[in-house]
Amino acid sequence: MDLGYLKETPSQTAGPYVHIGMTPSVAGLHGPYDDPGRTIAGPEAPGERIRIEGLIRDGDAMPVRDAVLEVWQADAKGIYNSPLDPRHADCGPDFIGWARIAADSNSGDFAIDTVKPGPVPGPKGTWMAPHLALWIVARGINLGLSTRLYFPEESRANADDPILGRIENPARRDTLIANLVEDGGAVRRYRFEIRLQGQDETVFFAT
């Protein structure tokens with residue numbers, strides 16, 4: 001008997017219209033409002049200013065020029081700007097904690113300007129080291145990829161981090177740790193490359 005159920009729509013890749021749909025101004029499309037999530041931490045947000053410059057590479061080590069990243073993080077005190085965080089009322093001023101960033105369509109480079117996050121509570125009473133949570137989409141990626149960025153100067157906190165600790169091969173943990181490029185200036189700078197496949201493939205997490 002035909003019950004009249006609709007058939008499931010076939011799945012498709014995320015591209016080639018990722019920039020148009022998620023960051024339209026980057027694709028040259030302008031409307032009555034700016035793209036959402038352009039600023040993680042405004043000028044009045046307390047904390048150490050950092051800049052992360054990076055690149056996403058495919059399995060042939062070529063830049064992925066149409067990628068879009070979404071970034072989530074806690075503020076400098078380790079508090080998320082979310083009602084799900086019980087300390088939410090104490091979150092720093094002028095702090096959004098989320099951004100959507102498009103890779104440069106020519107070079108594939110991306111940049112994240114923010115404040116360095118503090119450690120946040122983890123599972124079973126543990127603490128997670130300061131980190132950024134990243135979600136990546138691009139042409140050819142059927143489902144968004146989730147990963148993290150940790151900081152090299154937080155070696156002790158990284159060693160105790162319960163998420164990094166679940167990665168059995170210590171060498172693979174290094175794929176989640178940014179490289180410090182410049183220290184001592186007004187803005188501390190890091191370099192972080194994400195490899196989708198192949199040698200030194202970045203660790204990705206199930207969501």
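Author: Start with one residue pair. This is a predicted model. Glycine 54 has phenylalanine 192, in strand 10, as its bridge partner. Strand 1 and strand 10 are parallel and share eight bridges.

Now turn to strand 4. Strand 1 runs antiparallel to strand 4, and seven bridges join the two. Within strand 4, aspartate 109 is the bridge partner of leucine 55.

Next comes isoleucine 56. Beyond its neighbours within four places in sequence, isoleucine 56 contacts a list of residues that includes Met62, Val64, Leu69, Phe110, Ile136 and Ile194.

Look at the nonpolar core. The largest one has 31 residues. Ile52, Ile56, Ile112, Leu132, Leu134, Leu149 and Ile194 touch the most other members. Strand 1 (49–57), strand 4 (109–115) and strand 10 are among the strands that each supply at least two residues of this core. A separate core of ten residues includes Val120, Met128, Ala129 and Val203.

Strand 10 also takes part in an aromatic pair. The whole structure has one such pair. The ring centres of phenylalanine 151 and tyrosine 190 are 5.2 Å apart, and their planes meet at 65°, so the pair is edge-to-face. Phenylalanine 151 sits in the loop between strand 8 (145–150) and helix 2 (155–160), while tyrosine 190 is in strand 10 (residues 188–195), so the pair ties together parts 39 residues apart in sequence. Both phenylalanine 151 and tyrosine 190 are buried. Lysine 116 lies over the face of phenylalanine 151, 5.4 Å from the ring centre.

Note on methods
Residues are numbered from 1 along each chain as its sequence is written. This is a predicted model: local features need pLDDT of at least 70, side-chain atom pairs count only at pLDDT 80 or more; totals for chains, interfaces and linings use all residues. Side-chain values use heavy atoms; hydrogens and water are left out. Rings of Phe, Tyr and Trp (its six-membered ring) pair if their centres lie within 6.5 Å; planes under 30 degrees apart count as stacked, over 60 as edge-to-face and the rest as tilted. Helices (H or I, at least four residues) and strands (E, at least two) are DSSP runs, numbered from the N terminus. Buried means under 20% relative accessible area, exposed over 50%, partly exposed in between (1.4 Å probe, protein chains only). A charge sits over a ring if NZ of Lys or CZ of Arg is within 6 Å of the ring centre and within 35 degrees of the ring normal. A nonpolar core is a set of buried Ala, Val, Leu, Ile, Met, Phe, Trp, Tyr and Cys residues joined through side-chain atoms within 4.5 Å. Contact means heavy atoms within 4.5 Å. Two strands pair if DSSP finds at least two bridges between them.
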